[in-house]
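Trainee: Could you take me closely through the ligand site of this model, and then through the charged side chains that pair up around the chain?

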Amino acid sequence: MHSLENNEKVLEFIKTHLNDTLPNVALALSKRKDLPKDHILNQINGIQKSKSKFPFLKDYPDYLFGSKKNISQASSEICANFKSTLFNGTKAVDLSGGMGIDTYFISKFFDTIDYLERDEATFEISKKNFELLGANNINCFLENSVDFIKNTSNQYDLVYIDPDRKVDNQKVFKIEDSEPNVLELLPTILSKSKYCLIKLSPLIDIQSVIRSIDLPIDINILSVYNDCKEVLVSIQGDGWIHCRNWNNSNWQTFSFRLKDEKAITMTFADPQVYLYEPNVSILKAGGFKSIAKQYGINKIAGNTHLYTSTNRIENFPGRTIKIEAIEAPLKQKKQQWNLVNRNFGKDIGWIKKNYQIKDGGNKFLYACRNREEKPLFIFGSIIS
Ligand SMILES: C[S@@+](CC[C@H](N)C(=O)[O-])C[C@H]1O[C@@H](n2cnc3c(N)ncnc32)[C@H](O)[C@@H]1O
């Protein structure tokens, strides 16, 4: 069983080694057989990671951290905080509690929430942490949540589930690869709850989710500084896809419906004065025509997800570039460029090597292809 005490000797060691790398901490611990090695490594790793991932924890110096896996699987404060605003009500349940970050944030919008976790060490730590955080409307159950939800007579307003991935390190993965298998469990969940919110990997294929669930859903795609972090499926929904990107302490949001996307006729144009690169949530959602229609911009080519306009569009959800030159690809000997590859037909390493492009500086080079499939270099400066 995990040692949950931070005695004076342990606290002293943690304080001294707080800014060391984990291999150096492990080395120092190898000479201190009197100290609980795994526990201390977990605390130092947790404190280091929480600075960016869970900054609210700086107000709770006695917070206990579990394994590296617990911390890496947990939602970040930014994402947990966002998803907690999607639903509210009387009674919720989190079927895959883990480190409890999502449970804690969701608990603020419900009278009570049940936290389920089957791993004992994870469960014990989270239970203590909920007390420390003063979250006394969280009921903790050390139990297999599949059995729990099948057998409970409770009725919930919301079932939340953030399943494990059965197979890690895959490029694309399907909803059936989750543990517990959400697809199998869904009929049971929906017989016990008004709403269900499912967190899926940023690697999930959105179209396959829509096909597999085959119910009215909304999808929220959350990116943080243009790095896709979570795909959230809300049941019941109305066919909306909300593409969100956290930037400048704000969620920038672009929303569309898939049925409208299908009906839009795309307009194309060669690069004009401004170039637009939608943020990764929009690219992930496949809102390629909707973004062009809503902002009145033209696409460069069918498979080149870059857009252009003559007049500047304000507040575009992504990067806006003022075009300075458009050329057939040539070797770049002098200047440094931030190289972006969009459907150039070769990988970025090949482009850099072949055209002698040095990475860096503050100017952009977009390597892409136009409607005639001709390779193009578009040079420009970032505006926003
Ligand atoms: C991805 S993590 C959840 C992280 C959590 N949302 C957070 O923010 O900290 C999934 C957790 O679900 C637990 N889990 C997986 N299958 C379970 C089951 N059948 N019953 C209970 N817990 C389960 C795992 O042990 C793991 O801790």
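Mentor: Of the 21 residues around the ligand, those that come nearest are Asp102, Glu117, Asn144, Ser145 and Asp162, where a residue counts as near a molecule or strand if one of its heavy atoms lies within 4 Å of it. Before going further, please keep in mind that this is a predicted model, in which local features need pLDDT of at least 70 and side-chain atom pairs count only at pLDDT 80 or more, while totals for chains, interfaces and linings use all residues. Residues are numbered from 1 along each chain as its sequence is written, and side-chain values use heavy atoms, with hydrogens and water left out.

Aspartate 102 has an N or O atom in its side chain that is 2.9 Å from a nitrogen atom of the ligand. Backbone atoms take part as well: a backbone N or O atom of serine 75 lies 3.1 Å from an oxygen atom of the ligand, and a backbone N or O atom of glycine 100 lies 3.2 Å from an oxygen atom of the ligand. The protein covers 96% of the 610 Å² of accessible area that the ligand has on its own, the areas coming from the Shrake-Rupley method with a 1.4 Å probe, and for residues only the protein chains shown count as cover. Helix H6 (101-107) and helix H8 (145-151) each supply at least two residues of the shell around the ligand; helices (H or I, at least four residues) and strands (E, at least two) are DSSP runs, numbered from the N terminus.

Asp102 and Asp162, which are among the residues nearest the ligand, also belong to a network of salt bridges that links them with Lys83, Lys199 and Glu230. A salt bridge here is a side-chain nitrogen of Lys or Arg within 4 Å of a carboxyl oxygen of Asp or Glu, and by this rule the count comes to 18. Side chains of opposite charge can pair when their charged atoms come close.

One of these salt bridges joins the side chains of glutamate 277 and arginine 342, at 2.6 Å from N to O. This pair links distant parts of the chain, with glutamate 277 in strand S12 (residues 274-278) and arginine 342 in strand S16 (residues 336-342), 65 residues apart. Glutamate 277 counts as buried because its relative accessibility is 8%, whereas arginine 342, at 23%, is partly exposed; buried means under 20% relative accessible area, exposed over 50%, and partly exposed in between, with a 1.4 Å probe and protein chains only.

Another salt bridge joins glutamate 324 and lysine 363, whose closest N and O atoms are 3.0 Å apart. Glutamate 324 lies in strand S15 (residues 318-327) and lysine 363 in strand S17 (residues 358-369), so the pair ties together parts that are 39 residues apart in sequence. Glutamate 324 is partly exposed at 44% relative accessibility, and lysine 363 is partly exposed at 23%.

Glutamate 373 and arginine 369 form a further salt bridge, with their closest N and O atoms 3.0 Å apart; glutamate 373 is partly exposed at 45% relative accessibility, whereas arginine 369 is buried, with a relative accessible area of 19%.

As for the chain as a whole, its secondary structure comes to 14 helices and 18 strands, and buried residues make up 50% of its 384 residues.

Key: Polar contact = N/O pair within 3.5 Å; in protein donor to acceptor, adjacent residues only side chain to side chain.
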